[in-house]
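I opened this notebook to keep track of what I looked up, entry by entry, and of the cut-offs behind each term.

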Amino acid sequence: MAGIIGYGAFIPRKRITAEEIARQWGKDPETIRKGLLLEEKSVPGIDEDTITISVEAGADAITRAGIDPSKIGALYIGSESHPYAVKPSGTIVIDALGIGPEVHVADFEFACKAGSEAMFVSLGLVESGRVEYAMGIGADTSQGAPDDALEFSASAGGAAFIFGKENLLVDVLETYSFTSDTPDFWRREGEFYPRHGGRFTGEPAYFKHVLSATRAILDKTGLKPSDFRFAVFHMPNGKFPQQAGKKLGFTQEQMETGWIVPTMGNTYSGSSPTGLAAILDVAEPDDLILMTSFGSGAGSDSFVFKATELLPGRQPLGRTVRSMLDGPKHYVTYGQYAKLRDKIIVNE
Amino acid sequence: MPSPRYWREVPSRLRLEAARCSGCGKVNYPPRPICPGCRGKESEPVTLSKTATIITSTVIHIAPDDFLFEAPYAIAIVETPEGARFMAQVVECDPSSVGPGMDVSLEFRLIRKEARSGILCYGFKAVPTASWEAQS
Ligand SMILES: [Zn+2]
């Protein structure tokens, strides 16, 4: 059996409130807070990107795994904000983490699902015996266009997971993927901001894929929602994952720990993986955990995890998601935010 | 900084790899072929801790072009528990609060971009530990 042997997460310390963004555009902050269930979101510093987030999360994953990083035979980073258009983020991340040069590296892209994709492939390579350890990372510093609904949610952060066959912290019991051609959200080559299909992003996209993947994995495993202690669904806003969970028969209590979007925002490829990291920070042996990601385009990956008796001892070896969400935050104004996010043009 | 130099410095910049002199025990960062302390040529590799203490610091108000958006910002000479000293930018704090004796952790960050189309240079910056713990 293969599973997770180490994990880590990283969330930048800067925040902007939904109220500050709403004020800028003359929108009603209460509509955003109550409608989308978003209070604030993380903002990357001018010196933070998918690569730096991956290195910080990956370093904690290595510490929690307690392995020699040079034994990691594959590293995949899922993101829609890779800093280079040509040159994989993973090349810098492996060198910074002391992995390689004997390592297979690739950058993945699938809107918000690229992180679970990296985890899925890492797991498969370890299960097949092709590599001893593999690291899958989901990280993003995503952008929403000014005055677009996405500006309230697009945030920064990510999580890293090392897969192996021995000394598992979390066993992977089952996986299931569900994909179709659904043009709900996209960004053409060379465009700065993504576009989305408005209401089209809900029913035929998010809900169809999340519900189908989750129902199928429950069917495949013979498990029912009440068997799980925790569940996390991709979090494009606060409302969607709650609605999806309830439709599937999960309770608020099961979803609460992984539902970190109200104060983190949507970290895209890092969204459900960081929610999973928040769950692993507190999970106890034998707890069953369900995770279903969603990426526009569109597809969902579902995983059923089971915590082992090794997990509690490793939890304190790295930063917890809660400590980064509730810890010191530096609130920025919309002007500072525009500067940090390259929305202001300067001469070279 | 031209790309070839950045590339040569990857082990020290990205992994904090240093060298402890076999002759006098001085930790040299980045590693050097000849120890500036005793002229010795033998050394063993050592990886620096990601914690340090500020020895001295200053605040940059008039920044070079690459750091225009970051001014005002603090830079400091920091010392790791291994005794290695180097210069690092101090971030995630009010620059005027930075001073000698402050404990910092070293975090992986983008250091600079080589103009609009050049390479991205990464490395470590210092984040005050106290402000992080006091509020958490
Ligand atoms: Zn010496």
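**Between chain B and chain A**

I began with one pair of side chains: Glu92(B) and Lys14(A) meet in a salt bridge at 3.4 Å, N to O, the term standing for a side-chain nitrogen of Lys or Arg within 4 Å of a carboxyl oxygen of Asp or Glu. I note here that the model is predicted, that local features need pLDDT of at least 70 and side-chain atom pairs pLDDT 80 or more, while totals for chains, interfaces and linings use all residues. I also note that residues are numbered from 1 along each chain as its sequence is written, that chains are lettered from A and ligands numbered from 1 in the order in which they are written, and that side-chain values use heavy atoms, with hydrogens and water left out.

I then looked up the counts between chain B and chain A, and found six salt bridges and 11 residue pairs in polar contact, both residues at pLDDT 80 or more; a polar contact is a pair of N or O atoms within 3.5 Å, where within protein one must be able to donate a hydrogen and the other to accept it, and residues adjacent in sequence count only if both atoms are side-chain atoms. On the side of chain B that touches chain A, α2 (10-15), β7 (103-113), β8 (120-128) and α3 (129-135) each supply at least two residues, and the largest share, five residues, comes from β7(B). Helices (H or I, at least four residues) and strands (E, at least two) are DSSP runs, numbered from the N terminus.

For the extent, I recorded that 25 residues of chain B are in contact (heavy atoms within 4.5 Å) with 31 residues of chain A. The area buried between the two chains is about 2,400 Å², of which carbon and sulfur atoms give 58%; this is the accessible area (1.4 Å probe) that two parts lose on being put together, summed over both.

Is Asn28(B) buried or exposed? I found that Asn28(B) counts as buried because its relative accessibility is 7%, buried meaning under 20% relative accessible area, exposed over 50% and partly exposed in between (1.4 Å probe, protein chains only). Asn28(B) lies in strand β2 (residues 27-28) of chain B, and Ala19(B) stands opposite Asn28(B). Leaving aside neighbours within four places in sequence, the contacts of Asn28(B) include Cys21(B), Cys35(B) and Pro36(B).

Three strands of chain B form an open sheet in the order β2-β1-β3, with antiparallel pairing, for which DSSP must find at least two bridges between two strands.
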